[in-house]
Amino acid sequence: MAMLADRRRMNAPPGGTSPPVFASLPEAKLTKPIRTRNPDEHRKIFLRTGVVPSASGSAYYEISPSNTPRQTLVPSSSSLKITCTVHGPRPLPRNAAFSSNLLLTTHVKFAPFATRQRRGYVRDSSERDLGVHLETALRGVVIGDRWPKSGCEVVITVLEGEEDGWWADAEEGGKAGSWGMMNVLAGCITVASAAIADAGVDCVDLVSGGVAALTAERNGEGVLDPCPSEHDIKAACVVGYLQSRDEVTEMWMKGDAGSGSEALIDNAVKAAVLTRTVLAEAVKEATEMKIGKTSEAAVETTNTGKGKTKDIQMTG
Amino acid sequence: MANDAETGPGLTFPQDTFAKLTPRPYLLAHLKHKTPVRPNGRQQNEFRQPTINTGSLTHSNGSAVVRVGDTAVVCGVRGEILLASDIPHPPSDDLEEQDLVEELGLVVPNLELSTGCSPAHIPGNPPTSLAQSLSYRISAVLHDSHCINPDDLRINYTEPKTEDDLPDEPPKEVTKAYWTLYIDILCLALDGNAFDAALLAVTAALRDTTLPKAWWDPDRESILCSPVVSDSRSLRLSTMPVASSFAVFSTASHLKKREEAQSWILADADGFEEELCDETLTVVLNSGPSTGSGTTSILKIEKTGGTYIGKDVTDLCVRQASKRTSDIKTALGNR
């Protein structure tokens, strides 16, 4: 499958390459990972703001990988890693039409090495779709009328995505729905919320993302934060949830939930509440550090103010 | 604030306000001070210390995250297979062995700046000329240094004996396929000197790269790989290119005599300094793969813009770059 030649990038050799095919050897038998957490337990999340100093706001989100030693070269699971930067609010270009609200734009892009199949550099439809979902989730949160004639860019790079299912199954019969996208979207909502808070854009509340699923195993019980490779998912739902206002800004449900759809949404909200504790903690920590820094700097200027100003005598 | 109440509204601005309003005089005032120190607190010839982290990405054969000051770069190396039968123009036999990688295009480096790393590079646009030139420069360094051994990328097959063969003839070995290395470099945060950081990330990721054992399966007529870790082998880099960049800040202008102009060389300029400097010099030194081995040689000297850098200054910069190279090698060697 030769890729279309892109003259602005370095291209693959003209013959076209294919990803390696692994032989199934008895000494490298792969076992499907089993969920060891409780159904209502979330995986551990690492969230940190202020990772990109050149941006107005930024955050990094990671779901900690399971600490099983690697026995084979084929990774058995993937761990979500997302970075988000926010640029703005900044004035719109002069030729732009008047807008009484903050114009929010979202970009979601997977890194070429984010998934099992190598991805291209140009955004594909699934990435655009994620961008639209994210925008709806955020638009209800940002108080846009405080920034007329301004724009704000939310840029997300997924360094490592979630898998769509147990990959060995997908190779045999191909029953992988794109379940991994749901987890990626939930992560995107949470990380974008943290970055927006870091950028100091006014919001009505912190929005957090949560996923829940109905699985085929164990009598179709609902689980929070499903890891697609551990389950046989029948239906899944993502929400962007504002806890203090009890509002849902974004909901995306997939699969056949039947009569369980309401319970599924409730579960997704529960998952969002769980992620919110991490989000609030990260934002709080960052704010405390900022306040600590400014008060420290204030103290410093009072003590050594004279010496400091001497450093920069402005001449001609 | 309490301080303001005591002193009244001050007539001085904080430093960063000066830096924003009049960046050029601000930098000049710092450099002209009797103990000159750059606004970022570094000495003129001081590089930022890198932190290197390897092997954190699951889906790549080798990866590295490099942070140099406020510039952060992540690089992932992924191997895919190019069948020899798919090559439209097979390399001629008189091609020099070391040029094979370049001739077949087995190394594909791409640098992406539109990850929101700085307000100047917003995604949704084609790669900027900066991104294109960085990708090209990295590819040129990788090819010129011949750091990747073509033998590491070959997948050979020993053909079974046929009846036509002479009985004493040794078995024939043919190259059935080549590994192609996709090197994807994402700049996550940009604060000047992307090239040094990107090249460091690439070398660190290549050193971390392991390729699975692959063989030609005559029944399936395709290449199969072994998933067993102990079968895989790591890429051996024969040399290690390290880049060191310098920027020149000069007071020269069209209105002044050339002799009156003063210039300063700033090692590893950050984003603020880069904006104010027109002249840059990049020295790429090539040396043996491990600490203290082999001789260091100059692979490339690139100079753009300006007229300040002459013979003496280049000499000085190469000396500093050589010191920098050994520092980087220790940092990499400790991994």
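1. B:F272 is partly exposed, with a relative accessible area of 26% (buried is under 20%, exposed over 50%, partly exposed in between; 1.4 Å probe, protein chains only). The ring centres of B:Y26 and B:F272 lie 6.0 Å apart with planes at 80 degrees, so the pair is edge-to-face (rings of Phe, Tyr and Trp, the last by its six-membered ring, pair with centres within 6.5 Å; planes under 30 degrees apart are stacked, over 60 edge-to-face, the rest tilted).

2. The model is predicted: local features need pLDDT of at least 70, side-chain atom pairs need 80 or more, and totals for chains, interfaces and linings use all residues. Residues are numbered from 1 along each chain as written, chains are lettered from A and ligands numbered from 1 in written order, and side-chain values use heavy atoms, without hydrogens or water.

3. The whole structure has 5 aromatic pairs over all chains. One of them, A:F46 with A:Y60, is edge-to-face at 6.2 Å centre to centre and 65 degrees between the planes. A:F46 is partly exposed at 37% relative accessibility; A:Y60 is buried at 15%.

4. In the interface, 62 residues of chain A contact 68 of chain B (heavy atoms within 4.5 Å). The buried area between chain A and chain B is about 5400 Å², 63% of it from carbon and sulfur atoms (accessible area, 1.4 Å probe, lost on being put together, summed over both parts). A:M10, A:F113 and A:R118 supply 14% of what chain A buries against chain B, more than any other three residues.

5. The rule finds 2 salt bridges across the interface of chain A and chain B (side-chain nitrogen of Lys or Arg within 4 Å of a carboxyl oxygen of Asp or Glu). A:R9 forms a salt bridge with B:E112, closest N and O atoms 3.6 Å apart.

Notes:
Buried area is the accessible area (1.4 Å probe) that two parts lose on being put together, summed over both.
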